Amino acid sequence: MKLELNDQQKMIQKMVKEFAEKEIAPIAAELDKKEEYPTKILEKMAKLGLLGTIIPTEYGGAGLDTISYAIVVEEISRKCASTGVITSVHNSLVAWPIMKYGTEEQKKKYLPILAKGEKIGAFAATEPNAGSDLGAMQTSAVLKGNKYIINGDKTFITSGSEAGIIILFAVTDKSAGPKGISAFIVESDMKGYKVGSIYEKLGINASKTSELIFEDMEVPKENLLSKEGEGFKIALSTLDGGRIGIAAQAVGIAQAALDESIEYSKQRQQFGRPLAKFQAIQWMIADMATRIEASRYLVYNAAYVKDNGGHFSKEAAMAKLFASETAMEAVIKAVQIHGGYGYTKEYTVERLFRDAKITEIYEGTSEVQRMVIASSLLR
Amino acid sequence: MNIIVCAKQVVDVSEMKVDPNTKKPILQGVPQKISDIDKNAIEEAIKIKDKHGGKITVVTVGSSDAKEGIKELLAMGADEGVLISSPDKCDYRVVSSLLAEAIKKIGEYDIVLCGEASIDMFSGQVGPRLAGLLNMPQITYAQNVNAEKDKTVAVRNMGDKSVTTESSYPVLITVTKEINEPRLPSLMQILGAANKPINEWSADSLTKDLEPKVETLELKGIPMERKNIVYKDDVDDSVKKLVDSLAKEGVLR
């Protein structure tokens with residue numbers, strides 16, 4: 001067993017790190033402040049193939065393994081967590097289910113567009129009354145002729161107002177419970193598709209999170225993903241993979257908190273010596289670094305199991321649970337190390353503090369992750 | 001247009017620290033990278049190739065670690081790499097003659113591109129030495145290169161002025177950092193680089209004259225410590241003390 005990235009993965013890491021430092025870091029704070037979607041960054045990322053990281057080469061992607069993908073999301077999130085989640089959703093939650101469950105026609109039609117970043121992807125499952133309990137969703141899809149007529153609304157949709165291709169879940173058979181849910185590939189210019197309100201959030205402000213409303217939306221029959229009734233299964237398996245992306249995002253945020261803390265504690269002088277000379281600060285740095293390292297290996301492990309065809313729900317849940325709680329712990333310590341300055345918007349750790357919290361909530365709360373882990377152990 | 005680019009793998013000097021007691025640079029654990037200005041040379045080579053077609057070969061003298069750096073240049077757009085194993089002791093003369101022999105062995109070339117100097121030692125000798133050994137015209141410190149079909153026109157950065165120079169082919173050009181912005185390779189290019197060849201040549205297969213003439217006795221960092229002197233008296237007194245102190249340090253004359 002060798003716990004080391006291969007040469008190719010190292011090169012990818014170096015490239016994405018350089019890209020993020022050069023193109024993202026200088027504008028991340030401004031995008032957060034203005035709540036501005038990182039359109040220009042995404043265009044540049046598309047040119048480097050970063051929006052099609054996991055999409056097979058025959059559909060215009062880079063066809064990379066999940067570890068490489070996790071590296072991409074971590075390095076992007078290290079400079080901008082909003083861009084990190086947009087990348088994760090686009091790849092894990094939109095491209096992946098099409099790769100896995102789509103017909104050849106669907107793959108040919110949608111994957112190249114996603115790989116080139118011509119349209120950004122969104123995943124629409126959550127509803128006002130169906131969050132962790134996805135089976136309780138009410139959005140309905142009724143087949144009329146060769147079209148499904150979809151009515152309902154979705155909430156907390158990452159990139160909701162910006163996305164062009166949406167994986168949408170709706171009930172096709174009310175009497176069947178979760179087995180009555182189906183998945184669809186929807187385009188934002190379909191008749192009856194509407195963007196509702198855009199949320200004002202605590203963090204990840206550059207990723208537009210919105211409501212989506214469907215009023216008699218007409219979706220061609222051929223846009224059904226897999227078969228009717230397969231939606232719940234598709235959602236769960238897709239979210240398993242998505243959790244690796246979010247865990248990688250959390251590692252990126254935590255690493256950024258550590259980077260900032262190390263730099264600041266070496267420079268800031270109190271009582272005639274740098275903060276880094278105080279044991280209280282050293283211990284915080286040591287704890288942060290240790291947990292980050294552990295989180296990163298959990299992410300790589302989940303990615304490794306996924307790439308080798310294993311069942312990875314538990315591994316992905318563990319990675320997401322541990323990495324997101326690590327991110328939260330790291331940003332709290334980072335602000336503490338920065339003292340009063342860390343509480344101001346002048347310093348990056350203030351943004352990291354706000355960005356970290358969501359990683360414990362979306363794509364399955366920490367409580368849901370514990371449910372997944374426990375249920376796989378107590379079967 | 002066949003282009004040969006000479007590149008060097010160096011320690012990332014921005015990550016390097018100096019031992020406060022011995023003043024010696026601490027090299028252990030410091031990451032390596034392709035010298036920044038050599039990336040400008042590759043970028044320029046890619047631009048010339050885009051315009052005229054041809055082939056780009058990267059030549060490096062270094063340890064096997066340098067393969068990683070060569071792969072990065074292949075990902076950026078070079079076609080082939082040559083890694084010459086570095087002798088234990090090396091000076092600029094030895095490196096230049098190894099590169100010259102390798103370039104002769106490669107054979108066909110119209111342009112040899114180098115960075116003006118490497119970011120670690122910054123001697124700036126290798127380019128001009130190579131031109132001498134290969135008996136070809138050279139244009140150093142190019143901040144702009146316009147490679148035309150039969151000649152190259154380059155603007156040289158001479159500090160306080162710039163000089164436009166022209167040369168027929170073959171020509172050796174050393175470039176400065178301002179000449180361009182090196183590109184990042186895309187994921188697909190990184191994947192593609194794995195299939196591009198890197199040839200490894202041993203130093204003594206190229207030349208037997210490997211004895212360095214220059215001996216490095218010691219490397220020491222320049223300490224830049226703050227004096228942390230604060231003048232708290234009234235302004236006139238403080239200014240006087242500050243000026244006296246600067247004069248004493250030799251900053252003011």
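Analyst: The model is a predicted one. In chain B, nine strands make up an open sheet with mixed pairing, ordered E11-E10-E9-E12-E8-E1-E6-E7-E13.

User: Which strands of chain B stand at the edges?

Analyst: The edges are held by strand E11 (162-168) and strand E13 (198-201) of chain B. Each has a single partner strand, so one side of each lacks a neighbour in the sheet. On average, and with direction ignored, neighbouring strands of this sheet are turned by 35° against each other.

User: What packs on the sheet?

Analyst: Helix H4 (residues 126-134) of chain B does, touching strand E1 (2-6), strand E8 (111-115), E9 and E12 of chain B. The direction of H4 makes about 90° with that of E9(B).

User: How do strands E9 and E12 of chain B run, parallel or antiparallel?

Analyst: To read a pairing, one takes the relative direction and then the residue partners. Strand E9 (residues 138-147) and strand E12 (residues 171-175) of chain B run parallel and are joined by three bridges. Within this pair, B:Ile139 stands opposite B:Ile173 in E12(B).

User: Which strands pair with E7 in chain A?

Analyst: Strand E7 (residues 209-220) of chain A runs antiparallel to strand E3 (residues 147-158) of chain A, with nine bridges joining them. Here A:Tyr148 is opposite A:Val219. Strand E6 (residues 193-198) of chain A also pairs with E7(A) in the antiparallel sense, over four bridges. In that pairing A:Tyr193 has A:Phe214 as its bridge partner.

User: How should I read the crossing of H6 and H8 in chain A?

Analyst: One considers the approach of the axes, the angle and the handedness. The axes of helix H6 (residues 231-267) and helix H8 (residues 313-342) of chain A come within 8 Å and cross at roughly 25°. An angle under 35 degrees counts as roughly parallel, and H6(A) and H8(A) are therefore roughly parallel to each other. The crossing of H6(A) past H8(A) is left-handed.

User: Into which domains is chain B divided?

Analyst: There are domain 1 (2-206) and domain 2 (223-253) of chain B. Their centres, taken over C-alpha atoms, are separated by 45 Å. The C-alpha trace of chain B spans about 70 × 40 × 40 Å along its principal axes.

User: What describes chain B overall?

Analyst: Its secondary structure comprises seven helices and 13 strands. Of the 253 residues in chain B, 36% are buried. Among chain B contacts between residues at least 6 apart in sequence, 70% join residues at least 24 apart.

Conventions: Residues numbered from 1 in each chain as written. Chains lettered and ligands numbered in written order. Predicted model: local features only at pLDDT ≥ 70, side-chain atom pairs only at ≥ 80, totals over all residues. Helix = DSSP H or I, 4+ residues; strand = E, 2+ residues; numbered from the N terminus. Buried ≥ 20, exposed ≤ 12 C-beta atoms within 10 Å, placed from the backbone. Contact = placed C-beta atoms within 7 Å. Domains from an automatic or database assignment. Pairing = 2+ DSSP bridges. Axes fitted to C-alpha atoms, helices over the stretch in contact; angles between N-to-C directions. Parallel < 35°, antiparallel > 145°, perpendicular 65-115°, else oblique. Left-handed = near helix turned anticlockwise from the far one by under 90°.
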